[in-house]
Amino acid sequence: MESNDVEEEEFEFSRNYFLAKELGTSSKKSACKLSDINIVDEQELRDAYANLEPKHDREINDLINSYKKSYSEWVFILRCGFGLLMYGFGSKKFLIEDFASSALTDYSVVVINGYLQQIHLKQVVITLAELLWDQLKMHGKTTWENAPKNQQPFNTKSMDDLIAFLDGPHLEDKECFVCVVVHNIDGPSLRDSDTQQYLARIAACSHIRVVASIDHVNAPLLWDKKMVHTQFNWYWLHVPTFAPYNIEGTFFPLILAHSGSAQTVKTASIVLQSLTPNAQSVFKVVAEHQLAHPNEEGMPLNNLYTICRERFLVSSQITLNAHLTEFKDHELVKTRRNSDGQDCIYIPLTSEALEKLVQEISH
């Protein structure tokens with residue numbers, strides 16, 4: 001009797017299942033579309049987020065301050081040849097920058113903001129080579145193959161040559177190194193395999209130490225066993241801060257929001273304020289020309305170089321190119337050819353937005 005009841009139950013369940021499937025397929029489908037959703041303006045959404053009252057500020061600050069007692073230990077780990085990889089919930093940008101500014105004062109530090117949409121990695125490596133060159137000069141050892149004594153020919157070198165220089169046996173003193181800080185090494189501009197391979201090769205150089213953070217749950221999948229244990233040589237640090245991702249989130253489009261020009265101005269302003277005063281002044285030259293000549297296709301690069309030289313903003317074409325590369329990486333400017341065949345540079349903003357941007361960076 002019991003077995004018959006069980007069979008009957010199973011049959012009834014199966015029958016109901018198929019009946020439900022039939023009813024489901026015969027019912028009318030919804031005519032609603034995603035495009036019918038009334039999407040709010042991105043700036044309106046960000047303003048609403050900005051007006052949210054922060055919670056647990058005191059506890060967050062106490063937590064971040066509690067990590068300061070570990071700074072000396074972290075420096076020791078770097079000196080032993082390891083790389084520091086910080087993970088845990090919350091933005092680690094302030095923590096890492098505080099560590100670098102207070103505990104790494106004896107070393108040169110280069111910062112890579114991995115949360116940006118685009119990064120020129122070769123320019124970063126050139127900067128590393130130049131800083132190491134300066135340290136070698138301080139130690140009285142500046143020869144590097146056929147390099148001129150009073151010149152740094154790094155702009156003409158390939159990535160392989162630059163990495164070979166960073167890994168060269170220039171000094172027996174292992175204390176001579178340049179520290180690379182990478183905020184969000186798992187960021188959108190650094191996630192591809194080639195970039196990660198280059199970062200791993202850079203981290204493996206004898207005169208380089210890396211301090212990085214990750215936030216993506218799948219970040220460890222970016223690396224193989226060799227990269228983790230041999231090249232990056234990570235020392236994993238669990239340092240949850242529970243701090244909001246205010247700066248990192250600025251560079252990501254919000255879901256269900258239209259991007260507005262006001263937000264573009266705000267993002268560009270944050271990027272420009274993080275650059276050197278000379279770089280900001282070069283950008284202002286381009287902006288002023290574009291506002292004065294709104295009908296032109298852009299500012300010819302030759303004219304830009306001449307004006308920047310006259311105002312003592314750059315000392316050479318190489319310096320100007322470095323600034324322009326930085327602008328392009330942050331998508332602040334674009335290039336095109338005008339009707340005369342000249343290479344021109346322009347800022348992809350409306351005149352109104354550009355005026356607001358110039359006012360913001362002039363304060």
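Which helices and which strand each supply at least two residues of the lining of the largest cavity? Helix H6 (121-138), strand S4 (178-183) and helix H8 (193-203) do.

## The model

This is a predicted model, where local features need pLDDT of at least 70, side-chain atom pairs count only at pLDDT 80 or more, and totals for chains, interfaces and linings use all residues. Residues are numbered from 1 along each chain as its sequence is written, and side-chain values use heavy atoms, with hydrogens and water left out.

Helices (DSSP runs of H or I, at least four residues) and strands (E, at least two) are numbered from the N terminus.

## The cavity

A cavity is a set of points, on a 1 Å grid over the protein atoms alone, where a 1.4 Å probe fits but cannot get out. Searching the whole structure turns up one cavity of 30 Å³ or more. The largest cavity has a volume of about 60 Å³. Volume here is the space filled by probe spheres set on the points, which are joined across faces, edges and corners.

Lining residues have an atom within 4 Å of a point. For the largest cavity they include Ile112, Val124, Leu128, Val180 and Phe232. H8 gives the most, with three residues. The lining has 11 nonpolar, no polar and no charged residues. (Ala, Val, Leu, Ile, Met, Phe, Trp, Tyr, Cys and Pro count as nonpolar, Asp, Glu, Lys and Arg as charged, and the others, Gly among them, as polar.)

## The pocket

A pocket is an open set of points with protein on both sides within 12 Å along at least five of seven lines. The largest pocket holds about 1200 Å³ of space. It is lined by 37 residues, and the closest to its centre are Val111, Gln123, Thr127, Leu275 and Glu326.

H14 (317-329) supplies the largest share of the lining, eight residues. By class, the pocket lining has 17 nonpolar, 14 polar and six charged residues.

## Two helix pairs

H12 (residues 277-292) packs against H14 at about 80°, with the axes 10 Å apart. Axes are lines fitted to C-alpha atoms over the stretch in contact, and angles run from 0 to 180 degrees between N-to-C directions. H12 and H14 are therefore roughly perpendicular (65 to 115 degrees). Contact means heavy atoms within 4.5 Å. Asn278, Ala279, Val282 and Phe283 of H12 meet Leu320, His323 and Phe327 of H14.

The axes of H4 (residues 71-79) and H5 come within 11 Å and cross at roughly 80°. So H4 is roughly perpendicular to H5. Residues in this contact include Trp74 of H4 and Phe99 of H5.

Terms used
Parallel < 35°, antiparallel > 145°, perpendicular 65-115°, else oblique.
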